[in-house]
Amino acid sequence: MTEKKKKKTKIWYPHTSENLFSMSGAKGKKYAKKMRNQPSSVTFPSTDFGQNSGGSSSQDRTQRGNGDPQYQWQGGVSGGFQQQRGHWSQPPGPSHQGQFRGGVRGQRGRGDWQGGQLGHRTHQGYQRHSQELPKFITASYFAQARAAEVNAMLKAVKNKNANSQVFQALPKHMRRRAMSHNIKRLPRRLQTIAKKEADKTSQQKKEVSKTKSRKARRRHGNLLLEFNRRQRKNLWLETHIWHAKRFHMVKKWGYCLGDKPTAKCYRACYRAMTKHCLLQDLSYQCCLELRGAEDDLLKALARVTSTDMGATFAAVACLSGKRQGSLVLYRADHYPQEPLGQVTFIWKPKKVPSEERQLWIWTHPTSKQDLLSELLSVCQCSEPIEPRAPIPGPATSSWKVEQKAEAELLGRKRKRNDKEGEEAVALKKIIGDGTRPPNQPVSWRSETTGIVISDLTMEILRYRLIGPLSHCVLADAFKPASDCKESDDVTEGPCPWWLKHCKDADNLSIHHRQKDTFQLLKGVGSPAEIPAGTVLGLTVDDPRLNLPNKRSQSMPDPSQLQDLQKIRQLTLSGVAAECAWSSIWDQAVRDNVTENKIPEKELNHMKSELLVPGSHLSLGPKDSRIPILLVQQPGKQTGEELSGWGSGWDVLVPKGWGMAFWIPFIYRGARAGGLQEGLKHSQNKGAAHFPHDFPDCPAGMRFAKEQENELADKFKRRPPAKRPNYIKHGSIAPFCCPWQQLAEEWEIIVKDSGEEQPAALKGRERPLSAVQGCEEDLLKSAESPSKLRLGLQLEGIEVDAGVSVTESKKACAEGIAGFRVLRSRNVLRQLSVWCRPTSGKGQRGQRLVPSFQQELTPESAVSISAANPISLVWARLTLLKKGSPALHAMISIPTAEDFEQLSKDPVYCGPQEPKHRDHFKHKIKQIKKSKKKKKSPAEETSEGSKTSSPDGGVCSDLTLGLWPEPLPSVTSHCSRVTIGFVTQGDFSLAVGCGEALGFVSLTGLLHVLSRQPADRRGLVLMRNAASLQYRFAKLRIEV
C-alpha cells in the first residue's frame, strides 16, 4: 500500500534577514516600524542547558548539536527559530531520524520530513541540518523567555508612537471615525488618557497660519491688495501680468520689465522686425512736460544743447510740432563735457500764434533725476506746486446709474457691508505712478519766467511697433472716431469731452483731415518711406470693439493704392502741422478718458447679449473716444547698407488703456518683444543704445559698474577649472572697458612720439613698431606688482601720477567722466571719409570727397586730435571672415606682417596672441596655504582684509584668472596695440556675419589711419576676451 503523499508546504519567516533585504523599501520600513518595540532575543548558554538536561553525555550532546557552538538555545519572541549574527540557531534536542527541510524562504527543497541527517544537497555536497524539535524543555527558562515577551508586549501597548493617538492603539475592528474628535466614543479605560492628550494638544497648538488659502487669495479684492503690495519697490506696467506669463521678468530701473520671451523665438523676432511687426512696451520711459513762452523755453534749453551736434529744440520742423527730434543733453554751458543722456522731444502744434507752448521730453528712467534737476536749474523753477487733491469721485452719470440698475435687475451679488453698515469701499488697481507719495510735488513753477515743469511719468503709455507692416497693424487695429451729433446728450456716453470737441468746426475739420491721412497709411509700402519723426494726431474708438475672432496677420490693402498722388505727397512732405495736433495734450481730457473707461466686465456682458454671437458690438454715443499720437520712428539712417531697416511707429496712449490697445496689436499678428529684442534692434541699426553705449553719462557709468559686478560674480561662482584664465589670454579688463585709461595712454603715446608739432613729423624716424616694442618693458613691470599702476612705462619714461585709479574712481563716483565722446557731426563726417579705402582691387566705388572735406594728412590729424583731447569715437565693425565678436572684445592695430600675410593667403583670418604668464597664480596658492594654517585672532584681523603682492607691496584681493587693480598698460599689454573696446557684439542676421559696435580712441584712430596703406585703410583686428585669435574687421564711422 503506497503512502499518501503529503501536501507540499513552504514556510516563510518574515523576520529573517534574508527576507528583510528582499522586501521593497516601503514594506521594509513599514515592517521595521512595526517591530521596533519588540524585545531583543534572550540567549542561553549551552552549558547551562546541558547541566539541566538530565546529565546527558557529551556524545549525546554532540549528536543533538549542543556541543557545536553553532547551535545554541535562544529564547525570543516565538521561542523557536531566532536570528542571531546572520545565522539561525536550533534549540537542543535529541537526534531524529526525520528532519525538516526547506523551511527558510530562499532555500530550495521540499517542505516535508526527510529521513537521515544528511540534509539537502549543495554544490559542495550534503549540508547538515539540525532544525529538530526538542522532546523536552526546561520550564524555568521557557517561562523566563515568555515573561520577557509579555513585558515587551505590554510596554508596546502602553508606550504608543509619538505620531499616533490613543484610539490608534485599538484593534482596527474597534476603531471608529468619530473617535478623533469625540472622546466618549473610546472605551472607558482609554477616555482619561484621551482627555490628557487633548489638553496637551490644545496647549501646544501652534498659531494659526496667516497665509490664506489659494481660493481666498485669488479673490478679486485680495488679489488687488497683493498686486498693489508687490508694486511698492518696483512699478508694474499695465501689461505686466500679460508679460509675466510669457517673458522672463527682470527688476531694472525701478520697474519690473520683460527681458526676453520664454519661448525660443530669437529668429522669429528678427523676422518680425524685418518682414512684419514687432511690438514693445516702452511705458517705463519718463516724460517731462515744459509749459511757458516759446522764447523763454528756447533760451533756457539752449544752455543744455549745442548746434555742433545737429538739430536742437529750435529746429523749424520740430518747433512746428510735426516732427519728433532726438539729441543728447549736457549740463548747462558744459558742452562737450558732462553729458546727461539722450532724449527725444515733441512740441505741441500751435493753433493760435500767441498760444502758450508745450513741450514733452522723453528720457530713460536712469537719467530722469539728473535731467530733471538740470532743467529745474536752467528754467529757474524752484517753487513746487502742491499736488491736486484726489478727486472724491466723478458724479454718477446716467450711464453708470443705468448699468447699476441693470445689475440689480439681473440679481447680481451686492457688495458686502463693513462693520459700520456702510457700503465697503472697492479696491482700485494702481494706474500710472500710484506708488508715489501723495504729498510729493510733481510740478514746479518759475516766478521769473513763468515756466512750469511737470513730471508725467506713467501718465502716458508708449508702445513701439517695429517692422515694414507696422502701419498695416495700426490701420487694422484703429478705427477713427465717428462724429457726434448735436442730438446726442452729453450725459449719455462715457466721453462728454468728445461732444464738446465736435461742436467746434475747426476741430471737426482737423479730425476729418487726420482721418483721411490715416486711411492712406495702408497704401504705404513701409514706414521708412515717410519722413523721419512724423507726428500724426488721431482720435479713435474703443479698439476692443473691433477685435477679430481669430488672430491674423495684417497685410497691405491694394485698394488704397488708387490715391497714388496723395500717397506720394504724404511720403515726400509728411503730415501737415495741423494734423499733428491731438487732444492728448490736454490733462483734463486724459483724466476724463481714463476715469470713464468702460470696464472689461461690462463690455463682455454687452457682447454676451448680442443676438448673433461674435458680431460687431455698436455702442453708439456710449462708445469711448481715445485721443492718441502716432510718431514715426526712423530705422537705420546712417551708412550705405540696409537703409530704413527697423523703422516703425510709436503709439502714445493715455494711462488706463494699456491692455485695451495691447491686445488688438497682438491679434493683428504683432509679435511681442522685450529688452533684449530692443537691444538687438539698436545693434542691427548701428545706433547707440542708452545707457549701454553712453559711457560718459552718469547713467552709463552706473550701468557699467553694475554690469561689471554682475559679470564678476558670475565668473567667481564657477570653479577655476571651468572658467577662462583672462591673465593668460592677455585680457586685462574682461568685465569692463577702461575708457579713461585707454584715452590717456594714447595721449601719452602721441606726446612721447613728438606728434604735437606737425613740422616734426616729416623727419620722423620712429616707426609704429616702436610703440609695439614696449611689451618687454611692460612685462618686466608686470613681474613687479608694486610698480603696477594706471600709468604707462613706455621706453623708460615714467607716466605722471595724475593718471591714477583712485582719481578715476572718484570722478566716476561723482558722475563726471574724465573723457568725452565725440559727437560733433562735422568731425565725424571727416573721420567717416578718412576710414574708407581710397583704392584697391575689389573696393566699391566710393563717394566723391566734398570740397569742404580735408585730405588725410599728419597736420590735419594732429589738429583734430588737439581740438578734441582724451576723446572716444563711436564706430561700427564688421568681420571680414568667420567669427562672432563678444562683449568687451579688444580692437587692435594690425602690423605690416599681418597685412602681408593677408595679401598672400586669402583664407587668413588673423594672427594669434601668444599665451601670457600668470604672475599671480603662485601667490594665490601661497595665500590659500596660509589660510589653512591656524593664526591668532590678531593676525587674522590684520591680514584678512589685505593681500600682500609678490614684491612686498599691498594690492587688492586676488582672484585666479583676473588682473588685480591697479591695471597695467591697456594699449601695449598684448602683442597688438589696443585702440578700443566693443560694447555690443554678436552674429548679425541682417548682414550674415559678425558685427560689433564700440568706441575707439580718437588719437589712436588718427594715429593708425595716417600710417595705413591706402587700400587697407580702416582695417583693424578684433579679439574676444576669452580667445587668443585675432580676426580682421572693417571699421566704419557712420554719421
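Me: Let's begin with P966: in the loop between which strands is it found?

Reply: P966 is found in the loop between β31 (954-955) and β32 (978-988). Helices (H or I, at least four residues) and strands (E, at least two) are DSSP runs, numbered from the N terminus. The peptide bond leading from E965 into P966 is cis, with omega near 0°. A cis bond also joins Y335 and P336, where omega is about 10°, and P336 sits in the loop between β14 (325-330) and β15 (339-347).

Me: What should I keep in mind about the model and its numbering?

Reply: This is a predicted model, in which local features need pLDDT of at least 70 and side-chain atom pairs count only at pLDDT 80 or more, while totals for chains, interfaces and linings use all residues. Residues are numbered from 1 along each chain as its sequence is written, and side-chain values use heavy atoms, leaving out hydrogens and water.

Me: Where is D333, and is it buried or exposed?

Reply: Relative accessible area decides that: buried is under 20%, exposed is over 50%, and partly exposed is in between (1.4 Å probe, protein chains only). D333, in the loop between β14 and β15, is exposed at 56%. Its phi is near 60°, a positive value in a residue other than glycine. Phi of W253 is also positive, near 60°; W253 is in the loop between β10 (247-252) and β11 (255-261) and is partly exposed, at 23%.

Me: And how buried is S283?

Reply: S283 is buried, with a relative accessible area of 2%, in the loop between β12 and β13 (286-292). Contact means heavy atoms within 4.5 Å. Not counting residues up to four places away in sequence, S283 touches L237, M458, L461, R462 and Y463. Its side chain also makes a polar contact with that of D281, at 2.6 Å (N or O atoms within 3.5 Å; within protein, one must be able to donate a hydrogen and the other to accept it, and residues adjacent in sequence count only if both atoms are side-chain atoms).

Me: How do I read a sheet?

Reply: Follow the pairing: two strands pair if DSSP finds at least two bridges between them. Here six strands form an open, mixed sheet in the order β21-β22-β23-β20-β12-β24. Its edge strands are β21 (535-541) and β24 (671-672), each pairing on one side only. Strand β12 (residues 278-281) and β24 are parallel, over two bridges, and L278 stands opposite R671 in β24.

Me: How many residues of helix α15 are buried?

Reply: Seven of the eight residues of α15 (470-477) are buried, so this helix is largely enclosed by the rest of the structure. Among the buried ones are H471, C472 and V473. They pack against elements including β20, α17 (505-519) and α21. Helix α28 (825-834) is likewise largely enclosed, because seven of its ten residues are buried; W834 is one of them. The cover over α28 includes α29, β28 (871-879) and α33.

Me: Which residues of α29 and α33 make their contact?

Reply: A861, I864 and S865 of α29 meet L1002, T1003 and L1006 of α33.
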